[in-house]
Amino acid sequence: MSLEDIAEEFARNVAAQTDAIWRGDRKGGNKYAKRYIAAYKKLRDHGEAGRYALAALLTHSRMDVRVNAAICLLSDRPAQAKPVLEEAAKGEGMIPFVASEALKHWNAGTWSLDVD
């Protein structure tokens with residue numbers, strides 16, 4: 001599987017999780033979250049090439065995909081990730097809230113992506 005395919009798997013499962021949450025399907029949402037976290041870990045294991053593939057999602061058509069990619073890249077590529085989160089945080093709703101929380105912790109110096 002190419003890195004681009006893994007990044008697409010990440011995006012597909014982020015979108016599926018969001019859609020499951022909107023339907024009130026917590027079990028399905030958790031299933032998709034595990035899948036996109038697994039895809040993120042695969043990308044992370046490829047170092048800079050994996051981060052490059054994930055960074056391509058920062059311009060994805062879906063805000064939830066952009067925000068989740070930015071969250072995963074925040075520690076390694078803050079100059080690319082922060083503007084995505086800042087733009088998303090201007091809105092209202094679940095995804096803008098997630099973006100604003102990530103920024104709040106980043107700005108407070110307490111940011112930690114806990115997916116090991």
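A salt bridge here is a side-chain nitrogen of Lys or Arg within 4 Å of a carboxyl oxygen of Asp or Glu. By this rule the count comes to eight.

Before I go through them, the basis. This is a predicted model, where local features need pLDDT of at least 70, side-chain atom pairs count only at pLDDT 80 or more, and totals for chains, interfaces and linings use all residues. Residues are numbered from 1 along each chain as its sequence is written, and side-chain values use heavy atoms, with hydrogens and water left out.

One of the salt bridges joins the side chains of Glu 87 and Lys 90, at 3.2 Å, N to O. Lys 90 is exposed, with a relative accessible area of 65%. For that scale, buried means under 20% relative accessible area, exposed over 50%, and partly exposed in between, with a 1.4 Å probe and protein chains only.

Next, Glu 48 and Arg 51, whose side chains meet at 3.1 Å, N to O. They sit three residues apart in helix H3 (residues 47-55), so about one helical turn separates them. Helices are DSSP runs of H or I, at least four residues, numbered from the N terminus. Glu 48 is partly exposed at 44%, and Arg 51 is partly exposed at 21%.

Glu 101 and Lys 104 form another salt bridge, at 3.2 Å, N to O. These two are also three residues apart, in helix H6 (residues 94-108), again about one helical turn. Glu 101 is partly exposed at 23%, and Lys 104 is partly exposed at 47%. Elsewhere, salt bridges that share partners join Asp 19, Arg 62 and Asp 64 into one network.

Now a charge without a partner. Glu 9, in helix H1 (residues 3-23), is buried yet has no salt bridge. The nearest side chain of opposite charge is Lys 42, 4.0 Å away; Lys and Arg count as positive, Asp and Glu as negative, and His and the chain ends are not counted. Apart from neighbours within four places in sequence, Glu 9 is in contact (heavy atoms within 4.5 Å) with Met 1, Arg 35, Ala 39 and Lys 42.

Last, Arg 51 again, from another side. Which residues line the largest cavity? Tyr 40, Leu 43, Arg 44, Gly 50, Arg 51, Leu 54, Cys 72, Leu 73 and Asp 76 do. Helix H2 (26-45), H3 and helix H4 (63-73) each supply at least two residues of that lining.

How values were computed. 1 Å grid on protein atoms, 1.4 Å probe; cavity = no way out; pocket = protein on both sides within 12 Å on 5 of 7 lines; lining within 4 Å.
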